[in-house]
Amino acid sequence: MLCNNYDKVLDLAHGDLVELADARGTTLRVTKGTLWITQERDRRDIVLAAGDVWTVEQHGLTLVEAQGAATVCLVGTAAEFAHSRSRRLRPSTRIKAFLASYLDARLDGRRLPYY
């Protein structure tokens, strides 16, 4: 599916997150993959698959997370400010976190975490 007349197209990797602030009226069209969506002050979660179209129903923060590789087309006021953010940690970040917790535990005499 093409995204003709859409303001922005985002290619997302598994776990990538898109934050839409005050996006009521912004329309999302999934052309590949699956998206999990939640809106501020709404208990429902929305799951969209390829071919689905959905419009943000509320003001406030709307979070969109890719459940695998996905492509989403956006049209509306929030589209120009939308950008994806990877939630995956780089291996170097994980190693630094492990070493920091290891050293803290040794210095404090606590038990070491098991990874």
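A salt bridge here is a side-chain nitrogen of Lys or Arg within 4 Å of a carboxyl oxygen of Asp or Glu.

## Salt bridges

This is a predicted model. By the rule above, the count comes to 3 salt bridges. One of them joins Arg-44 to Glu-57, with N and O 2.6 Å apart. Arg-44 belongs to the loop between β4 and β5 and Glu-57 to the loop between β6 and β7, so this pair ties together parts that are 13 residues apart in sequence. Arg-44 also meets Asp-42 in a salt bridge, at 2.8 Å from N to O.

Asp-42 has a relative accessibility of 14% and counts as buried, because the cut-off for buried is under 20%.

A further salt bridge is formed by Arg-41 and Glu-40, whose closest N and O atoms are 2.9 Å apart. Arg-41 is exposed, with a relative accessible area of 62%. Glu-40 is partly exposed, with a value of 34%.

Strands of a sheet pair through backbone hydrogen bonds, either parallel or antiparallel.

Strand β7 (residues 61–66) is joined to β2 (residues 17–21) by 5 bridges, and the two run antiparallel. Within this sheet Leu-17 has Glu-65 of β7 as its bridge partner. Strand β4 (residues 34–39) is also antiparallel to β7 and is joined to β7 by 5 bridges. Here Gln-39 stands opposite Thr-62 of β7.

## The sheet of 4 strands

A second open sheet has 4 strands in the order β1-β8-β3-β6, again with antiparallel pairing. Its edge strands are β1 and β6 (53–55), each of which pairs on one side only. Neighbouring strands of this sheet are turned against each other by 25 degrees on average, direction ignored.

Strand β8 sits between β1 and β3 in the strand order. The antiparallel pairing of β8 with β1 (residues 8–12) covers 5 bridges, and Val-9 has Cys-73 of β8 as its bridge partner. The pairing of β8 with β3 (residues 27–32) is antiparallel too and covers 5 bridges; Lys-32 has Thr-71 of β8 as its bridge partner. Of the 6 residues of β8 (residues 70–75), 5 are buried, so this strand is largely enclosed by the rest of the structure.

## The nonpolar core

The largest nonpolar core has 21 residues, and those with the most contacts inside this core are Leu-20, Leu-28, Leu-35 and Leu-74. At least two residues each come from β1, β2, β3, β4, β5, β7 and β8. Strand β8 gives the most, with 3 residues. In soluble globular proteins, nonpolar side chains tend to be buried together.

The surroundings of Leu-20 can be listed in detail. With residues up to four places away in sequence left out, Leu-20 touches Leu-28, Gly-60, Leu-61, Thr-62, Val-64, Leu-74, Ala-78 and Ala-82. Leu-28 and Leu-74, which Leu-20 touches, are also among the residues with the most contacts inside the core. Thr-62, another contact of Leu-20, is the residue of β7 that stands opposite Gln-39.

Asp-16 lies in the loop between β1 and β2. Its relative accessible area is 6%, so Asp-16 is buried. A polar atom of the Asp-16 side chain lies 2.9 Å from the backbone nitrogen of Ala-13.

Definitions and conventions: Residues are numbered from 1 along each chain as its sequence is written. This is a predicted model: local features need pLDDT of at least 70, side-chain atom pairs count only at pLDDT 80 or more; totals for chains, interfaces and linings use all residues. Side-chain values use heavy atoms; hydrogens and water are left out. Buried means under 20% relative accessible area, exposed over 50%, partly exposed in between (1.4 Å probe, protein chains only). Two strands pair if DSSP finds at least two bridges between them. Axes are lines fitted to C-alpha atoms, for helices over the stretch in contact, and angles run from 0 to 180 degrees between N-to-C directions. A polar contact is a pair of N or O atoms within 3.5 Å; within protein, one must be able to donate a hydrogen and the other to accept it, and residues adjacent in sequence count only if both atoms are side-chain atoms. A nonpolar core is a set of buried Ala, Val, Leu, Ile, Met, Phe, Trp, Tyr and Cys residues joined through side-chain atoms within 4.5 Å. Contact means heavy atoms within 4.5 Å.
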